[in-house]
Amino acid sequence: MKTSYMIITLIFTLFNSSNSFAIYFEVTNVCKDTPYLQAEVPVYTLTNVLEFTKYNLKNYAIPHLTNENGIASILDTPVGLQSYEFIAQNHIRIYGWCFEVDGEQSELFARDYTLDPEYQTSLRWFYGYSEVIEGVWIHNCRAVNKVSNPQICQKF
């Protein structure tokens, strides 16, 4: 009886370990290129960036707001019109959270990007901005630490 229990336990352990991968999950500080959170998270199945992130932000008790497409706020960053910086009449920066998978940004929303832990190893969220000058998008998801913004960074 004891031997059969050990064999079943060994088989279960081998099966679980062969189907388990990890994603390195990082959230940067708002205005610095330094980690606020770094964690290696076991992943057992395909998931999307939004669900993976919501679960882990909740698990690590990090304040956040989500919407149907992605993450609206982490660490109490501004949302809505408070996230707009009006530089000139036709020049606006819009701030928000951006993600990279294995160092590459995606054009997809977080809800639409599927993480495959067998092939992808890292997910990083950073605070960034998109810039519009005279109706033309100049930058999309450029890291805030590349631009000093006292309006945003004095709070963090």
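Predicted model: local features only at pLDDT ≥ 70, side-chain atom pairs only at ≥ 80, totals over all residues.
Author: Ala, Val, Leu, Ile, Met, Phe, Trp, Tyr, Cys and Pro count as nonpolar here, Asp, Glu, Lys and Arg as charged, and the others, Gly among them, as polar. Numbering runs from 1 along each chain as its sequence is written, and side-chain values use heavy atoms, leaving out hydrogens and water.

Reader: By class, what lines the second largest pocket?

Author: A pocket is an open set of points on a 1 Å grid over the protein atoms alone where a 1.4 Å probe fits, with protein on both sides within 12 Å along at least five of seven lines; lining residues have an atom within 4 Å of a point. Thirteen is the lining count for the second largest pocket, with Val 41, Pro 42, Val 43, Phe 52 and Tyr 55 nearest its centre. Sorted by class, that lining comes to 7 nonpolar, 4 polar and 2 charged residues.

Reader: Which element gives the most to that lining of the second largest pocket?

Author: Elements are DSSP runs numbered from the N terminus: helices (H or I, at least four residues) and strands (E, at least two). Strand E2 (35–43) and helix H2 (49–59) are the elements that give two or more residues to the lining of this second largest pocket. With 5 residues, the top contributor is H2.

Reader: How much space lies in the largest pocket?

Author: Trp 97, Cys 98, Phe 109, Asn 140 and Cys 141 are the closest to the centre of the largest pocket, out of 29 lining residues. By class, its lining has 17 nonpolar, 11 polar and 1 charged residues. Volume means the space filled by probe spheres set on the points, with points joined across faces, edges and corners. For the largest pocket, that works out at about 750 Å³.

Reader: And where does the largest share of its lining come from?

Author: Strands E5 (71–74), E7 (91–101), E10 (122–133) and E11 (136–143) are the elements that give two or more residues to the lining of the largest pocket. The largest share is 6 residues, and it comes from E7.

Reader: Which residues are linked in a network of salt bridges?

Author: A salt bridge puts a side-chain nitrogen of Lys or Arg within 4 Å of a carboxyl oxygen of Asp or Glu, and the model has 7 of them. In one, Arg 124 meets Glu 26 at 3.5 Å, N to O; since Arg 124 sits in strand E10 and Glu 26 in strand E1 (residues 21–28), the pair ties together parts 98 residues apart in sequence. The network links Glu 26, Asp 33, Glu 100 and Arg 124.

Reader: Nice. Arg 93 and Glu 131 also pair up, so how many residues apart in sequence are the parts they tie together?

Author: Arg 93 forms a salt bridge with Glu 85, closest N and O atoms 3.6 Å apart, and another with Glu 131 at 3.4 Å. Arg 93 and Glu 85 are buried, and Glu 131 is buried too. Arg 93 lies in strand E7 and Glu 131 in strand E10, so the parts they tie together are separated in sequence by 38 residues.

Reader: Is Ser 83 buried or exposed?

Author: Ser 83 is found in the loop between E5 and strand E6 (84–88). Because its relative accessibility is 5%, Ser 83 counts as buried.

How values were computed: Buried < 20%, exposed > 50% of the residue type's maximum accessible area, 1.4 Å probe, protein only.
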